[in-house]
Amino acid sequence: MAENATALTVSIVTPDGQVYENKTPMLIVRTINGELGILPNHIPVIASLAIDEVRIKQIETDQEDDEIAVNGGFVEFSDNVATIVADSAERQNDIDVARAENARKRAESRIQAAQQKHDDAELARARVALRRAMNRLNVAHH
């Protein structure tokens with residue numbers, strides 16, 4: 001491990017390839033157990049990620065943080081390198097807001113239909129789709 005490093009490297013990959021790579025003084029992720037902040041020289045960790053945004057602080061304090069919508073996966077950190085392997089991930093500027101809004105509406109309709117049919121499996125899938133759409137919309141509007 002690089003002792004007293006001032007930055008860590010963050011890499012986000014999906015089945016479609018690399019979405020993000022940069023150095024940062026701090027990474028913030030939401031795991032299934034809660035929020036986790038990772039600074040340089042943090043102890044090694046592996047954690048499952050929730051459907052939420054990943055925030056990457058900028059080294060230059062006058063720049064806005066990078067925000068990426070991540071839909072599940074895991075984060076692994078060791079030797080000042082954080083690798084996020086996600087089912088899907090989109091950078092804030094790459095999110096198609098109209099498409100995400102349509103996905104939200106479709107998911108809400110699916111939830112209503114599943115509730116009327118008392119279809120628990122479809123209801124669970126529709127709720128996940130709604131969380132993914134809302135995550136994308138929240139990141140896009142930050």
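These questions and answers cover the fold of a predicted model.

User: How many helices and strands does the secondary structure of the protein chain come to?

Analyst: Start with the order of elements. From the N terminus on, the protein chain runs β-β-β-β-β-β-β-β-β-β-α-α. The secondary structure comes to two helices and 10 strands.

User: Which strands stand at the edges of the open sheet?

Analyst: Five strands form the sheet, in the order E4-E3-E6-E7-E10. The pairing is antiparallel. An edge strand has a single partner strand, so one side of it is left without a neighbour in the sheet. That applies to E4 (34-38) and E10 (89-91).

User: What is the average twist of that sheet from one strand to the next?

Analyst: The sheet is open and holds five strands, with antiparallel pairing. From one strand to the next, the twist averages 20°.

User: What is the bridge partner of Ile28 in E6?

Analyst: Strand E3 covers residues 27-31, and strand E6 covers residues 51-56. The two run antiparallel and are joined by two bridges. In E6, Ile28 has as its bridge partner Arg55.

User: Which strands does H2 touch where it packs on the sheet, and what angle does its direction make with that of E7?

Analyst: Helix H2 spans residues 120-140. On the sheet, H2 touches E6, E7 (66-71) and E10. The direction of H2 makes with that of E7 an angle of about 175°.

User: Is H1 roughly parallel or roughly antiparallel to H2?

Analyst: Helix H1 (residues 97-117) packs with H2 at an angle of about 155°. Their axes are 8 Å apart. The cut-off for this class is an angle over 145 degrees. The angle therefore makes H1, relative to H2, roughly antiparallel.

User: Is the crossing of H1 and H2 left-handed or right-handed?

Analyst: Take the two helices as a pair, with axes 8 Å apart. Their crossing is left-handed.

User: How many nonpolar, polar and charged residues has the contact of H1 with H2?

Analyst: On the H1 side, the contact residues include Val97, Ala100, Ala103, Arg104 and Ile111. From H2 come, among them, Leu123, Ala126, Leu130, Met134 and Leu137. By class, the contact has 14 nonpolar, one polar and nine charged residues.

User: How far apart are the end C-alpha atoms over residues 97-124?

Analyst: UniProt lists residues 97-124 as "coiled-coil region", in an unreviewed entry. In the model, the chain over this stretch is 93% helix and 0% strand. Its end C-alpha atoms are apart by 24 Å.

Methods: Residues are numbered from 1 along each chain as its sequence is written. This is a predicted model: local features need pLDDT of at least 70, side-chain atom pairs count only at pLDDT 80 or more; totals for chains, interfaces and linings use all residues. Side-chain values use heavy atoms; hydrogens and water are left out. Axes are lines fitted to C-alpha atoms, for helices over the stretch in contact, and angles run from 0 to 180 degrees between N-to-C directions. Helices (H or I, at least four residues) and strands (E, at least two) are DSSP runs, numbered from the N terminus. Angles under 35 degrees count as roughly parallel, over 145 as roughly antiparallel, 65 to 115 as roughly perpendicular and the rest as oblique. A crossing is left-handed if the near helix is turned anticlockwise from the far one by less than a right angle, and right-handed if clockwise. Contact means heavy atoms within 4.5 Å. Ala, Val, Leu, Ile, Met, Phe, Trp, Tyr, Cys and Pro count as nonpolar, Asp, Glu, Lys and Arg as charged, and the others, Gly among them, as polar. UniProt positions are given in the numbering used here, feature names are shortened, and annotations may be inferred rather than shown by experiment. Two strands pair if DSSP finds at least two bridges between them.
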